[in-house]
Amino acid sequence: MRVYNSLTRKKETLTPLEPDHFKIYVCGPTVYDYFHIGNARPFVVYDTLRRYLLWLGNKVTYVQNFTDIDDKVITRAHTEGITIKELADRMIEEYFHDADALNIMRATIHPRATESLNDIIGLIEILVEKGFAYQAVDGLYFSIDAFPSYGKLSGHNLEDLIAGASERVVESLGKRNPLDFALWKFKKEGEPFWASPWGDGRPGWHIECSAMSLANLGQTIDIHCGGVDLTFPHHENEIAQSEAATGKPFVRYWMHNGFVNINYEKMSKSKDNFFTVRDLASLYPYHILRFFILQAHYRMPINFSDDLLDAAVTSWQRITSCVEHLAFVAGAGEQLSANPQADSDLEKEITTCRYNWQEAMDDDLNTADAIASIFDLVRAANTAAAAEGISDDILLKARETIIELCEILGLEPAKIEEQAIPNEIFTLVNARSQAKEARDFTTADALRDEIEAKGYRVEDTPQGARILPIE
Ligand SMILES: [Zn+2]
C-alpha cells in the first residue's frame, strides 16, 4: 500500500517499523460539545485505514486522545456551572454515542489529557533540561530557535509568520520568538490547575498530544493522522517537542485529510453552518454520513449539502437493494436450465471488482474508487440476476463480495431493516419504553401516536420493542 506522506510531500510505500504492526495516533476531539462534522471526517477516514490494515493481516495499535483541558472546555463548564470533569465525562459519552453509530471502532487506547499529567510534566522537564524550554511571564515556552528544523512539516516561511506577530504582546510576555508556543500555562483566577515543578497551572494543547503519543506508542510511531488544518501549528509543534526531547524521528508517515465545507461554504460558527454530527444525524442516518465521507478521496475537500447527501441516500440504496435482490433471486427456487456463460461472466466481474477495489485502497486509501468498483459489480450482478439459468451460487458469491468489500469500509449493506429506521424514531421508541417502565401509560400512548404519525409502528416483544415501517 502507498500513502501520501505530508512530511515528504509524496506517495510512499507504507511499511511499519515493527513487522506487521502499525502504531497510529489520531488527534482526538476537544470534549466541550458534541463533535462536529469537520471532526467526523478524520475519525471515519482513519478508522477505515485501520480496518483496511487489519484486513491485510496487520496488528494495529490505535491511539486517539480526548482533549479535556482547553479554553473551550473551561469556558463551557463555567457557563454550565459544572466541573470540567463532569463536562468531559458527559461529552466523552456523547462522543461514543455518535462514533459507535458511525461504526468507528473504539481506539486501542483513548488517553485523556487530565489523566496524562505525569507524562506531560515529565516531557516538559526533559525539554527544560535540554535547553528547549524557558520560562516567560505567563508560563513555560518552547524555543523554536533551539530546534532548527522547525517548519519542516508545514513548509511555512517562518520570517513571514514572525513579521505578522504582534511585537507588543511578545515583549510583554517575555517570549524570545513570536512563534514560541506555550508548554505550561500558569494558573489563572477561576481556572482548574495542577501542580508542577514550575508552579501551578495547566498544559498547552500541543504538549498533550506529544506526551500521549510518546507514552502510549513509543518514541517513533508509524502514522500520525489528522485534518489538514492541524498541520500548522499543532503538528509542527508536536514534531518539535517530541524530537527535541527524544532525538529520534517522531512520526514516519503524516496523513492529513482535506477540508470540510457545508453547503459550499467553509464551516464557521459565525456563518451559522457549524453542524455537529448529532445535528446531521437527525436528517440523515449515520451510515449515510459514513458512506458520504468515504465517497470522496480523503485528501480532497468534501462538501456536505442536502443535494449531495440526498444523492448518497439514493446511491446507497442501489447497493442495499442489490444485496436484497440477489438473496431473493437465489432463494426463488429450482433453475430449469444451466447458463455457464452467464455464470462465468459474473465470476469475471467478481474478480475484476476485487482487483480494482484493492488497487484503489492500496493507492493512498482511495475509497472513492474502491466504492466505484463495488458499483461496477452491483450493475453487473443486477443484470446477471435477470439472466435465465444463472446459478444461485454465483449470485450469492457476488452478494457476499459486495457485502465483504463494504464491511471492510465499515459499511453494512446487509443490515437493511435497522438502517432504514431514522434515529429520531429510535429516540421516540426508547422514550416510550422508559415511560412504560415507569407505568406512565398516558405518555407512552402519546409517544406511540407520534411514532405512528411518522410512519412506524412499535411491537412489544419479549426481546424488547420492535420497530416496523407502516406499509
Ligand atoms: Zn494532536
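**View 1. Strands β11 and β13 run parallel and are joined by three bridges.** In this predicted model, local features need pLDDT of at least 70 and side-chain atom pairs count only at pLDDT 80 or more, whereas totals for chains, interfaces and linings use all residues. Residues are numbered from 1 along each chain as its sequence is written, and side-chain values use heavy atoms, with hydrogens and water left out. Strand β11 covers residues 260-262, and Val260 stands opposite Ile302 in β13. Helices (H or I, at least four residues) and strands (E, at least two) are DSSP runs, numbered from the N terminus, and two strands pair if DSSP finds at least two bridges between them. The two strands belong to an open sheet of three strands, ordered β12-β11-β13, in which the pairing is mixed. Strands β12 (265-266) and β13 (302-304) stand at the edges with a single partner strand each, so one side of each has no neighbour in the sheet. Helix α1 packs on this sheet, where it touches β11 and β13, and the direction of α1 makes about 140 degrees with that of β11. Contact here means heavy atoms within 4.5 Å, and angles run from 0 to 180 degrees between the N-to-C directions of axes fitted to C-alpha atoms, for helices over the stretch in contact.

**View 2. Helix α1 packs against helix α12.** Helix α1 (residues 37-55) and helix α12 (residues 340-362) have axes 12 Å apart and meet at an angle of about 120 degrees. The two helices are therefore oblique to each other (angles under 35 degrees count as roughly parallel, over 145 as roughly antiparallel, 65 to 115 as roughly perpendicular and the rest as oblique). From α1, the residues Thr48, Tyr52 and Trp55 meet Trp357, Gln358, Met361 and Asp362 of α12. Sorted by side chain, the residues of this contact are four nonpolar, two polar and one charged (Asp, Glu, Lys and Arg count as charged; Ala, Val, Leu, Ile, Met, Phe, Trp, Tyr, Cys and Pro as nonpolar; the others, Gly among them, as polar).

**View 3. Helix α1 also packs against helix α14.** The axes of α1 and α14 (residues 392-408) are 8 Å apart, with an angle of about 120 degrees between the helices, which makes α1 oblique to α14. Here Arg51, Tyr52 and Trp55 of α1 meet Glu404, Glu407 and Ile408 of α14. The residues of this contact divide into three nonpolar and three charged, with no polar residue.

**View 4. Helices α12 and α13 pack with their axes 7 Å apart.** The angle between α12 and α13 (residues 367-385) is about 170 degrees, and the two helices are therefore roughly antiparallel to each other. On the α12 side, the contact is made by Leu346, Glu349, Ile350, Cys353, Asn356, Trp357, Ala360 and Met361. On the α13 side, the residues in contact are Thr367, Asp369, Ala370, Ser373, Ile374, Leu377, Ala380, Ala381 and Ala384. The residues of this contact comprise twelve nonpolar, three polar and two charged.

**View 5. Strands β9 and β10 pair in the parallel sense.** Strand β9 (residues 221-227) is joined to β10 over six bridges, and Gly227 stands opposite Asn257 in β10. Of the seven residues of β10 (residues 251-257), six are buried, so β10 is largely enclosed by the rest of the structure; buried means under 20% relative accessible area, exposed over 50% and partly exposed in between (1.4 Å probe, protein chains only).

**View 6. Helix α4 lies across the strands β5, β6, β7 and β8.** These strands form an open sheet in the order β5-β6-β7-β8, with antiparallel pairing. Strands β5 (133-135) and β8 (201-203) stand at the edges, and each has a single partner strand, so one side of each is left without a neighbour in the sheet. Neighbouring strands of the sheet are turned against each other by 25 degrees on average, direction ignored. Strand β7 (residues 181-186) and β8 pair over three bridges, with Phe186 standing opposite Gly201 in β8. Helix α4 runs at about 120 degrees to β7.

**View 7. Ser116 lies in the loop between α3 (84-101) and α4 (117-129).** With 5% relative accessibility, Ser116 counts as buried. When residues up to four places away in sequence are not counted, Ser116 touches Pro111 and Met212.
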